[in-house]
Each structure stands twice: as C-alpha cells, then as structure tokens.
Amino acid sequence: MSKNIVIIPTYNEIENIEKMVHTVFALPREFELLIVDDGSPDGTADKVKELQKQYPGKLHLEERKGKLGLGTAYIHGFKWCLARDYDYIFEMDCDFSHNPNDLVRLLEACENGADVAVGSRYTKGGKVSNWPIGRVLMSYFASVYVRMILWISVKDTTAGFKCYKRKVLETIELDKIRFMGYAFQIEMKYSAIKKGFKIVEVPIMFTDRVLGVSKMSTKIFKEAFLGVLQMRFS
C-alpha cells in the first residue's frame, strides 16, 4: 500500500477545516493530512490540534508565524513530507473549491503512469461552477497565455489541485522555486516538464468557495503575468 499525504495550506479557514478533515479521512483510499497554517487569527490551528486527538498519527500540523505566502507554505510542506516516507504528495485548497473525492482519481492517475496528476478545469470534461463569467474567462485565457509563452501543453496551468510522485519533488530544486501565488503553480509544472516528467490532466469540477474569504489579489495575478516571462527567458 502506498503512503499518501495531502498538504493543505490554511489562513483563516475555521469555517472549512473540520469538515475538510473528516471528509478526507472518510475516503475509500487512505490519506494522511498535513495542515500548514500561517498564524490564522481565527483559531484554525487550534481546531486542527483538537481534531488530532481524533486522528492520531494521521493529521499533522505545521504552524508558521505570519502570512508567508502559498508557495512557501507548499515548499515547507514538501520538505516535511520528503523527510518522511510518503510515496504520493498532494496539494489541495481547504475551501472545497477542490472536491476531496477527486483525490482518489488523482492518485489513480499517478498509479497508472503519470508523474504529476493535475485536477484540471480546462481539459475535456473539466468544469467551473459558481464563478462569474469574467473570472472564468480571465482564468482560461491566463492559461492560454502561459501555454503560448512557455510552449507547454498543460491546459490548466494555474491549477493548484495536484498529486506528485515522490521522485518529482526530490528532483525539482525546491529552494530555487521563486514565485508565491498562481505563478508558483505554473513554475512547479514548468519545472516538472523541464525535468522530463509526465503530467496528466484529470478533469474536475471546480466550485468557488462558499465559506471564508478568497485570498486572490491583484498582486498575485500580476506576479503570475510577469513571472511567466521571467521563467521563459531565464
């Protein structure tokens, strides 16, 4: 049996964290959870500590002081997982925009030959729910822009719902990953492709968060736009 772990970065996810933990541990395949919390003032980390009594040895918590960014949270999580014996390492949001049930499909894609499985909104069969049309178009054409600049075939370049085989994260030089927001997601895929790894897109239904507040900002979008050019010409 493979050892699987899902990294979920959190900042003020008190409305979602308990339901997310219970949902992941009820799946038909076994997953552990690593919550990387950036000092949430709403008590997210305290709720995780409470839940750890219910799931000893399966629910892990890394607390960081202050809001240090999505990319650094995942890099922290990747290093934590690589220091232990996990075979498959996942990224997922806490707000249920990523359906935890799809973790099983991402795992199966990697077991069947993918090095990285991406939960994709824009591959055939993928869908977006609960987003205004302007946000859908901005996201879709952002991925088109990335594909044109980087010459890659991944359709959902900014997707943050992924499964990595361990060897991918061991091979990518994590300390050289530069970007923090959506650009982090692009850079990780681009780095995997440059190292010769196979990326497979698994169609998902992406549903915008119902509870909590979105972390999206103009700064994050600008970083992605300019970061792609830096990746291409560096």
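Because the model is predicted, local features are taken only where pLDDT is at least 70 and side-chain atom pairs only at pLDDT 80 or more, whereas totals for chains, interfaces and linings use all residues. Residues are numbered from 1 along each chain as its sequence is written, and side-chain values use heavy atoms, with hydrogens and water left out.

**The whole chain**

Along its principal axes the C-alpha trace spans about 50 × 35 × 35 Å. Of the 234 residues, 52% count as buried, where buried means under 20% relative accessible area, exposed over 50%, and partly exposed in between (1.4 Å probe, protein chains only).

**The sheet**

Next select the open sheet of seven strands, which has the order β3-β2-β1-β4-β7-β5-β8 with mixed pairing; two strands pair if DSSP finds at least two bridges between them. Its edge strands are β3 (59-63) and β8 (199-203), each of which pairs on one side only. Neighbouring strands of this sheet are turned by 20° against each other on average, direction ignored, with axes being lines fitted to C-alpha atoms, for helices over the stretch in contact, and angles running from 0 to 180 degrees between N-to-C directions.

Now show the side chains of β4 (residues 88-91): Tyr88 and Phe90 point one way, Ile89 and Glu91 point the other way, and all are buried. Strand β1 (residues 4-10) runs parallel to β4 and is joined to it by four bridges, with Asn4 standing opposite Tyr88 and Val6 having Phe90 as its bridge partner. Strand β7 (residues 162-165) runs antiparallel to β4, again joined by four bridges, and there the bridge partner of Phe90 is Cys163.

**The helix pair**

Helix α1 (residues 17-25) packs with α2 at an angle of about 35°, their axes 10 Å apart. To see the contact (heavy atoms within 4.5 Å), select Ile17, Glu18, Val21 and His22 in α1, which meet Thr44, Lys47, Val48 and Leu51 in α2. The residues of this contact divide into four nonpolar, two polar and two charged; Ala, Val, Leu, Ile, Met, Phe, Trp, Tyr, Cys and Pro count as nonpolar, Asp, Glu, Lys and Arg as charged, and the others, Gly among them, as polar.

**Two loop residues**

Move to Ile14, in the loop between β1 and α1, which counts as partly exposed at 32% relative accessibility. Leaving aside residues up to four places away in sequence, Ile14 touches Asp42, Gly43, Thr44 and Lys47.

Finish at Thr123, in the loop between β5 (116-120) and β6 (127-129), which is buried, with a relative accessible area of 17%. Not counting residues up to four places away in sequence, Thr123 touches Lys155, Glu201, Val202 and Pro203.
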